[in-house]
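Visitor: Please show me the model, and let us go through it by question and answer.

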There are 2 protein chains.
Amino acid sequence: MSKEPNTVFIGRKPVMNYVLAVITLFGSGETKQITLKARGQAITTAVDVAEITRRRFMESLKVEKVIIDTEEISMEEGGTRAVSTMEIILSKSS
Amino acid sequence: MSKEPNTVFIGRKPVMNYVLAVITLFGSGETKQITLKARGQAITTAVDVAEITRRRFMESLKVEKVIIDTEEISMEEGGTRAVSTMEIILSKSS
């Protein structure tokens, strides 16, 4: 996954790392919209990040859209495997 | 979670069990809309169920809406814990 502005890629780090990333990015004042991207097991973490940020830190946060899709991943041993992906688009209203 | 018509609750069973439940429910012809409900780690499974059903079995399936939320769960040892939840609303167009 390439580097994209205003996108937070969710992986295996503790959930609060990503919450902090979202708060910092919104706090910089340079954007009113952030996309969380995750695949596989990290999808649950992405939902936790959105929910914890909204409930505990930024009550004005709105979940604009949740998009689910499938990505074909090339395996080292050849062939491809389908992995579910998710994008959560968050926006700050004020 | 109480019994609701046209709702498939996603838990810890193998993902294909739920895919089969969705296909069977749509196949009965009694509904054109099914809601998948999941919480915690099962959220990833719910996304897999939607994606596998759509890609492999029912190309006419559409993801109408994905809703994320938080549920307070009472703990046996007292107090509550917040758990992320997800609803995926699927519809059959034809």
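Visitor: Which residues of α1(B) are buried?
Guide: This is a predicted model, in which local features need pLDDT of at least 70, side-chain atom pairs count only at pLDDT 80 or more, and totals for chains, interfaces and linings use all residues. Residues are numbered from 1 along each chain as written, chains are lettered from A in the order written, and side-chain values use heavy atoms, without hydrogens and water. With buried meaning under 20% relative accessible area (1.4 Å probe, protein chains only), the buried residues of α1(B) are Y18(B), V19(B), V22(B) and F26(B).

Visitor: Which exposed residues does the face turned away carry?
Guide: Exposed means over 50% relative accessible area. On the face of α1(B) turned away from its buried side, the exposed residues are L20(B), T24(B) and G27(B).

Visitor: How far apart are the closest N and O atoms of E72(B) and R55(A)?
Guide: A salt bridge puts a side-chain nitrogen of Lys or Arg within 4 Å of a carboxyl oxygen of Asp or Glu. Between chain B and chain A the count is 4 salt bridges. E72(B) forms one with R55(A), and their closest N and O atoms are separated by 2.8 Å.

Definitions and conventions:
Helices (H or I, at least four residues) and strands (E, at least two) are DSSP runs, numbered from the N terminus.
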